[in-house]
Amino acid sequence: MTLKGRSIVSIGDLSRAEIELIFRCAERFAAQPRGQTHLGRGFQLATLFFEPSTRTRLSFESAMNRLGGAVLTVADGAQSSASKGETLADTARIVSAYADLIVLRHPTEGSARVVADAATVPVINGGDGAHEHPTQTLCDLYTLGQECGKVEGLTVTLYGDLKYGRTVHSLAYGLALFGGRIIFAPADPALAPPAYVLEQLRTVYGVEPEWWDPNSGTPMPTADALYLTRVQKERFTGSTAGARDYPRIDLATLQRWGVADSTILMHPLPRAGELDPNLDQETRSAYFRQAAYGVPVRMAAMALILGIAEEEWASGWGARRSPVPATPATVGSTQQAIEFANPDTCCPNPRCISNREGESVTQQFVLMRLGLISKVRCHYCDAIVRSDELGVPADYTAAQLPQSISLQESALYQPAILAD
Ligand code: NCD
């Protein structure tokens, strides 16, 4: 197991054991944040941010500075050559010559995979449109571990904009990886998670999430943590245009929902009026601690990717924790993934980078097989194209894929909202 040279585009790019390794390393950095500048001397991090950011960019940059490395930053993508029409793939190739590691944030889904494919240095996805935000999940799982004393087997209610909230998508996979119980609580029916997230949970992780309707008047199922998110209005389109702003969550809301005093309150931040500041002083409110963990967690991820932490790790860091339990057999073990390109078809997601960047991004798909079930997903943004919708047998192979198939967006999964 080594993270050296690896990219993190999806939280699914990491195994459970690798995430635990990052956490043990992060605990070490959290205990001695100022004693690590010898590790990263001579290394350069490039942060390419085409979308606004406070926590993600600054915590990555703080983390690299604390490792003793240097940072090159494009804090506003409009200031880069992208505004002259340079493709993302070309930007990735150029920046690879200037830096040892790239962190990308971009408004287009699948953009981080394009950069990881083109770059010759590792790439970390700092948020690609409404798709994923894997290092936020590392911070979220680390926070759960610190607050609850363990990461495995926790019950977490995910509330708010679950359709466009990329932190929620990555966190759902992360919780599944650790045998967690996931309760989806969309603030509005139009803000339920996209079909591909539910399909990935089923197909890749063997997990069926539960549902709770926060507007139903029924109490929230008992949970270790309630993960709140803001409404992602900047990503709204036709189907979500009518979604309401959420009501402010305050003490009275939590009491009405029957949320226990011991339930940890988390939020990736920023908040946009949906979380009452009067809750900040409560012991259960973990969101500022969650943001602060961004530095040691990102120090750990980068140090392991750059291969500058392995030696110290091998000498016994964090050995006080029990050995990592094996990943459950259902997770990924029976999945076969075959990647293939098909120039005649396009990803069904209009917000995917492969539909935005013209010929610089080849249409590529992944055929996933779990037992007899086959699924095809976009290599970049994970949008699902069901094999039955393609009119091909469930056990087809990549070679048998029709040359020209008309792909349509999968019907959105209509969740049956369940009360506890
Ligand atoms: C989140 C993001 O950018 O996805 N912020 C973060 O990185 N902590 C959440 C959000 O913008 O709502």
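Leaving aside neighbours within four places in sequence, which residues is Leu 158 in contact with? Here are some notes on this predicted model, starting with that residue.

1. Beyond its neighbours within four places in sequence, Leu 158 is in contact with Val 168, Leu 171, Ala 172, Ile 182, Ile 183, Phe 184, Ala 185 and Tyr 227. As a general point, nonpolar side chains tend to be buried together in soluble globular proteins.

2. Strand 8 (residues 225-228) is worth a look next. Ala 225 and Tyr 227 point one way from this strand, Leu 226 and Leu 228 point the other way, and all are buried. In a regular strand, side chains alternate between the two faces of the sheet.

3. Strand 8 has pairings to inspect with two strands. With strand 5 (residues 155-160), strand 8 pairs in the parallel sense over four bridges, and Ala 225 is the bridge partner of Val 156. With strand 9 (residues 264-266), the pairing is again in the parallel sense, over three bridges; here Leu 226 stands opposite Leu 265.

4. Now to an open sheet of four strands, in the order 2-1-3-4 with parallel pairing. Strand 2 (70-74) and strand 4 (123-128) each have a single partner strand, so these edge strands are left without a neighbour in the sheet on one side. From one strand to the next, the twist averages 15 degrees.

5. Within that sheet, strand 1 (residues 44-49) runs parallel to strand 2, and five bridges join them. Gln 44 has Ala 70 in strand 2 as its bridge partner. Helix 4 (residues 111-118) packs on the sheet, where it touches strand 3 (101-106) and strand 4. The direction of helix 4 makes about 165 degrees with that of strand 4.

6. Finally, the ligand. Its surroundings consist of Arg 55, Thr 56, Arg 105, His 133, Gln 136, Arg 166, Thr 167, Arg 230, Gln 232, Pro 268, Leu 269 and Pro 270. An N or O atom in the side chain of Thr 56 is 2.9 Å from an oxygen atom of the ligand. For His 133, a polar side-chain atom lies 2.8 Å from a ligand oxygen atom, and for Arg 230 a polar side-chain atom lies 2.7 Å from one.

Conventions. Residues numbered from 1 in each chain as written. Predicted model: local features only at pLDDT ≥ 70, side-chain atom pairs only at ≥ 80, totals over all residues. Heavy atoms only, no water. Contact = heavy atoms within 4.5 Å. Buried < 20%, exposed > 50% of the residue type's maximum accessible area, 1.4 Å probe, protein only. Pairing = 2+ DSSP bridges. Axes fitted to C-alpha atoms, helices over the stretch in contact; angles between N-to-C directions. Near = heavy atom within 4 Å. Polar contact = N/O pair within 3.5 Å; in protein donor to acceptor, adjacent residues only side chain to side chain.
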